[in-house]
Amino acid sequence: MYNSLLSFHSIVRWLVLITLFFSIYRALKGYFKNTTFSKLDNLIRHWTATVAHIQLLIGILLYTQSPIVTYFFKNFNASISNINTTFFGLIHILLMVIAIVVITIGSALAKRKLKDKEKYKTIAIWFSIALLIIFIAIPWPFSPLANRPYIR
Ligand code: HEM
């Protein structure tokens, strides 16, 4: 269960990144070219938020199964000073939840805007902020916080 969740969580990270990049690209293109906000644009906005929510659910499940997280809470005083355990026990979950809240707000605000240009602008701004936070909170092989493979 734990290993499957970890692999799945690792793979879905790429879906989160691809959908966010694509949304931002479409939003910027639409904004600067003054195009109509199409049904496809709306689907992309919707699916970007949905993929992020799926990753949130997998993350929550993984959080309850992870031996690192269990160790972190059982040995809180000792592990709080260890960046590897603190990263998965606190930093990762905190930053990712913030990022997903940002995506959710951005998506909901864009949906309610009346002008197409405003929809594009809202998506571009909120999704870019979320992408930045997610990028920082992913344990990339090159991250100074914690290191994991690109794919598991
Ligand atoms: C956009 C959101 C997220 C992304 C892109 C993401 C990405 C990742 C990646 C790439 C890993 C490393 C996987 C590996 O070891 O191969 C990881 C680990 C982990 N993530 Fe997330 N994550 C996200 C959200 C969350 C959330 C919201 C939670 C908790 C509620 C969470 C909990 C965890 C845990 C506990 C681990 C480490 C488990 C372990 O090694 O035992 N993640 N995440």
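Me: Before we start, what do I need to know about the model and the numbering?
Reply: The model is predicted, so local features need pLDDT of at least 70 and side-chain atom pairs count only at pLDDT 80 or more, while totals for chains, interfaces and linings use all residues. Residues are numbered from 1 along each chain as its sequence is written.

Me: What does the C-alpha trace span?
Reply: About 55 × 25 × 25 Å along the principal axes of the chain.

Me: And what percentage of the residues is buried?
Reply: Buried residues account for 26% of the 152 in the chain. A residue is buried if 20 or more other C-beta atoms lie within 10 Å of its own, exposed if 12 or fewer, and partly exposed in between, with C-beta atoms placed from the backbone.

Me: Let's go to the ligand. How many residues surround it, and which are the closest?
Reply: The ligand has 27 residues around it, and the closest are Ser10, Gly59, Ser66, Met96 and Arg148. Being near a molecule or strand takes a C-beta atom, placed from the backbone, within 6 Å of it.

Me: Which helices supply at least two residues of that shell?
Reply: H1, H2 (39-65), H3 (67-74) and H5 (83-112) each do. The largest share, 7 residues, comes from H2.

Me: How does the shell split by class?
Reply: It has 18 nonpolar, 6 polar and 3 charged residues. Ala, Val, Leu, Ile, Met, Phe, Trp, Tyr, Cys and Pro count as nonpolar, Asp, Glu, Lys and Arg as charged, and the others, Gly among them, as polar.

Me: Switching to packing. At what angle do H5 and H6 cross?
Reply: Roughly 170 degrees, with the axes coming within 9 Å. That is why H5 counts as roughly antiparallel to H6. Angles under 35 degrees count as roughly parallel, over 145 as roughly antiparallel, 65 to 115 as roughly perpendicular and the rest as oblique. Axes are lines fitted to C-alpha atoms, for helices over the stretch in contact, and angles run from 0 to 180 degrees between N-to-C directions.

Me: Which residues make the contact?
Reply: Among them are Ile91, Leu95, Met96 and Val102 of H5, and Ile123, Trp126, Phe127 and Ile133 of H6. By class, the H5 and H6 contact has 19 nonpolar, 3 polar and 1 charged residues. Contact requires C-beta atoms, placed from the backbone, within 7 Å.

Me: What about H1 and H6? How do they pack?
Reply: H1 (residues 2-33) and H6 (residues 116-137) pack at an angle of about 145 degrees, and their axes are 8 Å apart. The residues of this contact include Val16, Leu20 and Tyr31 of H1, along with Lys117, Tyr120 and Phe127 of H6. They divide into 13 nonpolar, 3 polar and 2 charged.

Me: Last one: is Arg45 buried or exposed?
Reply: Buried, because Arg45 has 26 C-beta neighbours inside 10 Å. Arg45 lies in H2 and touches Ser23, Ser107, Ala110 and Ile123, not counting residues up to four places away in sequence. From Arg45 to Ser107 is 62 residues in sequence and 6.4 Å in space, C-alpha to C-alpha.

Key
Helices (H or I, at least four residues) and strands (E, at least two) are DSSP runs, numbered from the N terminus. Two residues are in contact if their C-beta atoms, placed from the backbone, lie within 7 Å.
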